[in-house]
Amino acid sequence: MGTHRRPSPTAARARTAVLGTVAGAAVLLPVTSASAEPVGNLDQIKAKVDRLYEEAESATEQYNKVDERSKQLQGEAGKLQDRLAGQQGKIVELRETLGALAAEQYRSGGIDPTVQLMFSSSPDEYLKQANLQGLATGQQSDALRAALRLQQSIDQDRAETAAKLAELEEAHSTLAGRKAEIQGKLGEAARILSGLKAADRAKVNGDNGQAASRGSARESYSGPATGRAKAVLDFAYAQVGKPYHWGSQGPDMFDCSGLTRSAYRAGDVSLPRMSQDQWNSGKRIARSDLQPGDLLFYYGDLHHVGLYVGNGKVLHAPRSGKNVEVVGIDTMPYMGAVRP
């Protein structure tokens with residue numbers, strides 16, 4: 001049996017070109033649109049800005065799920081291409097073995113039909129018309145069977161690789177659309193806020209002085225949680241004051257599900273990337289039974305998630321323009337809780 005061969009430089013460059021071309025679909029130019037002037041009283045403006053931020057966060061969670069799948073597909077396609085390169089090396093060795101047999105037979109007065117089959121342009125069709133068992137025995141037959149099995153495996157892997165790359169290209173196209181949607185909504189909110197006076201902008205933006213400096217925010221969890229839950233909350237508290245940024249999982253910035261996922265990773269628990277998927281990652285908990293470390297979910301589509309820290313409070317990464325903070329559990333529309 002042949003040794004595993006790494007891809008040739010040409011094959012490696014081809015693979016890099018294919019994956020690089022697909023990944024390039026995710027690169028976007030900045031989104032531009034007409035300037036938006038604040039319209040209405042402060043309550044109306046705040047409602048509009050809040051809605052834009054909520055829509056952007058909902059799109060962010062969808063982006064996160066597709067991004068996670070995209071990374072998975074990239075890895076799977078790469079492994080398949082590596083395997084194909086090794087299989088191609090083996091098929092070359094088998095053909096060389098059969099070629100040597102063919103040369104020997106030619107010197108002896110002819111080429112066995114089994115060896116002819118190996119060099120046929122359509123061995124499958126040949127096999128339909130002939131009985132492999134009757135063609136040859138011994139070394140030729142064994143080599144031919146191995147080559148045909150390997151060729152079938154190569155064909156299957158090629159088809160699977162093509163499907164993975166097609167799905168990857170579609171995922172990157174979806175990511176580009178979500179990214180444009182997020183940037184558009186955040187840009188519109190920013191334009192509205194920029195048209196307000198500083199005092200009004202603070203009211204609309206909900207600034208309350210909590211988001212200030214990291215220095216004043218650093219503290220460790222001091223509640224009753226122990227074990228895994230304490231590890232989760234210790235990590236989460238260490239992030240208080242760090243900025244929200246969509247699509248981020250740390251260490252310097254977080255979105256809501258990126259923060260909860262990273263915190264639970266600190267407790268040796270793996271969570272899905274998307275908030276809606278985290279909703280299905282454990283046991284549903286009644287509000288009266290909440291314990292520190294439980295996941296709390298908000299809004300009808302569950303696009304926001306935080307960590308219960310006790311005393312009716314939630315630690316979360318709020319939205320663009322804000323920092324990781326601890327607020328009351330009813331600051332947002334509460335939907336339920338999960339204990340992973």
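Predicted model: local features only at pLDDT ≥ 70, side-chain atom pairs only at ≥ 80, totals over all residues.

Colleague: In which element is confidence highest, and in which is it lowest?

Modeller: The mean pLDDT of the chain is 76, with 68% of residues at 70 or more. Helix α1 (residues 9-23) has the lowest confidence, a mean of 41. At the other end, with a mean of 98, is β2.

Colleague: Which element gives the most residues to the largest nonpolar core?

Modeller: That core has 44 residues, and those touching the most other members include Val49, Tyr264 and Phe297. Elements that give two or more residues to the core include α2 (42-108), α6 (139-194) and β3 (304-310). With 8 residues, the element that gives the most is α2.

Colleague: Which residues does Val49 contact, leaving aside neighbours within four places in sequence?

Modeller: Val49 is one of the core residues that touch the most other members. With those neighbours set aside, its contacts are Ala189, Ile192, Leu193 and Val204.

Colleague: What classes of residue line the largest cavity?

Modeller: The structure holds 1 cavity of 30 Å³ or more, with about 50 Å³ of space in it. Its lining includes Tyr53, Glu57, Trp246 and Arg319, and α2 gives the most to that lining, with 4 residues. By class, the lining has 6 nonpolar, 2 polar and 2 charged residues.

Notes. Residues numbered from 1 in each chain as written. Heavy atoms only, no water. Core = buried A, V, L, I, M, F, W, Y, C linked by side-chain atoms within 4.5 Å. Buried < 20%, exposed > 50% of the residue type's maximum accessible area, 1.4 Å probe, protein only. Contact = heavy atoms within 4.5 Å. pLDDT = per-residue confidence, 0-100. 1 Å grid on protein atoms, 1.4 Å probe; cavity = no way out; pocket = protein on both sides within 12 Å on 5 of 7 lines; lining within 4 Å. Points joined across faces, edges and corners; volume = space filled by probe spheres on them. Nonpolar A, V, L, I, M, F, W, Y, C, P; charged D, E, K, R; others polar.
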